[in-house]
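My entries follow in the order in which I made them.

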Amino acid sequence: MPLSLRMAPSPTALASTTGGYGPVKKQCRIPYSGVATTRLGFCSLDYGKRVDSSVVRCSLETVNVSVGQVTEVDKDTFWPIVKAAGEKIVVLDMYTQWCGPCKVIAPKYKALSEKYEDVVFLKLDCNPENRPLVKELGLRVVPTFKIFKDNEVVKEVTGAKYDNLVAAIETARSTTAGSSG
């Protein structure tokens, strides 16, 4: 079932009389990837009636998440994207601007996003602005790759270990394929 994500600028906006959501100022259609989100704000999931696309209804700036690319996230956009991904595998690259190994593995990570079209690839700059999320995710070393399924971390790879990352993605994908059939 396709996903429709309705967003309001704050939890208090949900008290409006327009069906429980704040006013919609902009509508964006995103190719069906099961994922959509905003930069800031409170998010609520709603299943849409369309079968060929996902629709984002938002009152804030949107972030498009597409297969075959790596999407930069921050403390405000990360969890909405992971939740909207549903049963899709989500791989998060936690890096810093000054990290040499992070820079070395970045092009390989991008290539993986193009190879695995059924996986959502995200990047999080572990800067002071994103510190609350970094702390919540328990980062100890960069780069760290966290693999999520159903909003839970199912695998973690620390360091710029490409082969270990590929093996972790393959394991998560095979677990997903095995559980759906």
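**Confidence**

I looked up confidence by element in the protein chain and found the lowest mean, 35, in strand β4 (residues 42-47), and the highest, 98, in β8. Here pLDDT is the predictor's confidence in each residue, from 0 to 100, and strands (E, at least two residues) and helices (H or I, at least four) are DSSP runs numbered from the N terminus. This is a predicted model, in which local features need pLDDT of at least 70, side-chain atom pairs count only at pLDDT 80 or more, and totals for chains, interfaces and linings use all residues. Residues are numbered from 1 along each chain as its sequence is written, and side-chain values use heavy atoms, with hydrogens and water left out.

Over residues 1-61 the pLDDT stays under 50, and the model has 134 contacts for them beyond four places in sequence. A contact means heavy atoms within 4.5 Å.

**Whole chain**

I counted four helices and 11 strands in the protein chain. Of its 181 residues, 45% count as buried; buried means under 20% relative accessible area, exposed over 50%, and partly exposed in between (1.4 Å probe, protein chains only). Among contacts with a separation of 6 or more, 74% come from residues 24 or more positions apart.

**Cysteines**

How many disulfides does the structure hold? I found one, taking a disulfide as a pair of cysteine sulfur atoms within 2.5 Å. C99 and C102 form this disulfide, with 2.4 Å between their sulfur atoms. The link of C99 and C102 is right-handed, with 80° about the S-S bond. Both C99 and C102 are buried.

**Cores**

I then looked up the largest nonpolar core, which has 22 residues. A nonpolar core is a set of buried Ala, Val, Leu, Ile, Met, Phe, Trp, Tyr and Cys residues joined through side-chain atoms within 4.5 Å. F78, L92, L122, L124, L137 and F148 touch the most other members of the largest core. Two or more residues of this core come from each of α1 (78-84), β8 (89-95), β9 (119-125) and α3 (131-136). A second, separate core has 16 residues, including I105, Y109, V119 and I147.

I listed what L92 touches, leaving out residues up to four places away in sequence. Among them are V73, F78, Y109, L122, L124, L137 and F148.

**Salt bridges**

My search of the whole structure gave seven salt bridges. A salt bridge is a side-chain nitrogen of Lys or Arg within 4 Å of a carboxyl oxygen of Asp or Glu.

E114 and K110 meet in one of them, at 3.0 Å from N to O. Both lie in helix α2 (residues 100-115), four residues apart, or about one turn of the helix. E114 is partly exposed at 43% relative accessible area, and K110 is partly exposed at 36%.

E156 forms another with K146, the closest N and O atoms being 2.6 Å apart. E156 lies in strand β11 (residues 152-158) and K146 in strand β10 (residues 144-149), so the pair ties together parts that are 10 residues apart in sequence. Here E156 is partly exposed, with a relative accessible area of 44%, whereas K146 is buried, with 5%.

R173 pairs with E170 in a salt bridge whose closest N and O atoms are 3.7 Å apart. R173 and E170 are three residues apart in helix α4 (residues 162-180), about one helical turn. I found R173 partly exposed at 26% relative accessibility and E170 partly exposed at 33%. A network of salt bridges links D118, E170 and R173.

**T158**

My last entry is on T158, which is placed in strand β11. T158 is partly exposed, with a relative accessible area of 31%. Not counting residues up to four places away in sequence, T158 touches V141, P143 and T144. From T158 to M94 I noted 64 residues in sequence and 9.6 Å in space, C-alpha to C-alpha.
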